[in-house]
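Reader: I've just loaded this one up. Can you walk me through what's worth a look?

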Amino acid sequence: MVRKRKIPMRMCVGCNEMKVKKELIRIVKNSEDDIFLDTTGKKHGRGAYLCKSLECLDIARKNKKFEKAFQTKIDSDIFEVLIEQLEDMNE
C-alpha cells in the first residue's frame, strides 16, 4: 500500500492565504536580530512566509505583519533590501 505524502502548507503574512510551502518564500529573523530572505527555507531563526509578489510585501508592511511575527520594530532599510531581492527573484 502506497502512503500519501503530506504536503506542508504555510500562510502568507500578506494575503493570509494558505499555500504550498514551496510556493512561498521565507523571511527569517535570527538570534542576532538580522532579518533576511531565506531562499533555502532551512536557516535557523524565526520565520514568516510570504508570496513571491510585491503586493503581498506591501500589504504585510502596511499592516505591520512582520513586526508582529518577529516581535520587533523593522527599519525601512530592511524592506528596501527585501523589495530588491523580490524583484530579482521575479525577473
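This is a predicted model: local features need pLDDT of at least 70, side-chain atom pairs count only at pLDDT 80 or more; totals for chains, interfaces and linings use all residues.

Reader: Moving on to the open sheet, which strands are at its edges?

Author: Three strands make up the sheet, in the order β4-β3-β5 with antiparallel pairing. An edge strand here pairs on one side only, and that picks out β4 (35–38) and β5 (46–50).

Reader: And which residue stands opposite I27?

Author: Look at strand β3 (residues 25–29), which pairs with β4 over four bridges in the antiparallel sense. In β4, the residue facing I27 is L37.

Reader: At what angle does helix α3 run to β4?

Author: Helix α3 covers residues 76–90 and lies across β3, β4 and β5. Its angle to β4 is about 15 degrees.

Reader: Is Q71 exposed or buried?

Author: First, the backbone: most residues other than glycine have a negative phi. Q71, in the loop between α2 and α3, has a positive phi of about 55 degrees. Its relative accessibility is 72%, and the cut-off for exposed is over 50%, so Q71 counts as exposed.

Reader: What about K64, how does its accessibility class come out?

Author: K64 sits in the loop between α1 (54–62) and α2 (65–70), and has a positive phi of about 55 degrees without being a glycine. Its relative accessibility is 48%, so K64 counts as partly exposed.

Key: Residues are numbered from 1 along each chain as its sequence is written. Side-chain values use heavy atoms; hydrogens and water are left out. Two strands pair if DSSP finds at least two bridges between them. Helices (H or I, at least four residues) and strands (E, at least two) are DSSP runs, numbered from the N terminus. Contact means heavy atoms within 4.5 Å. Axes are lines fitted to C-alpha atoms, for helices over the stretch in contact, and angles run from 0 to 180 degrees between N-to-C directions. Buried means under 20% relative accessible area, exposed over 50%, partly exposed in between (1.4 Å probe, protein chains only).
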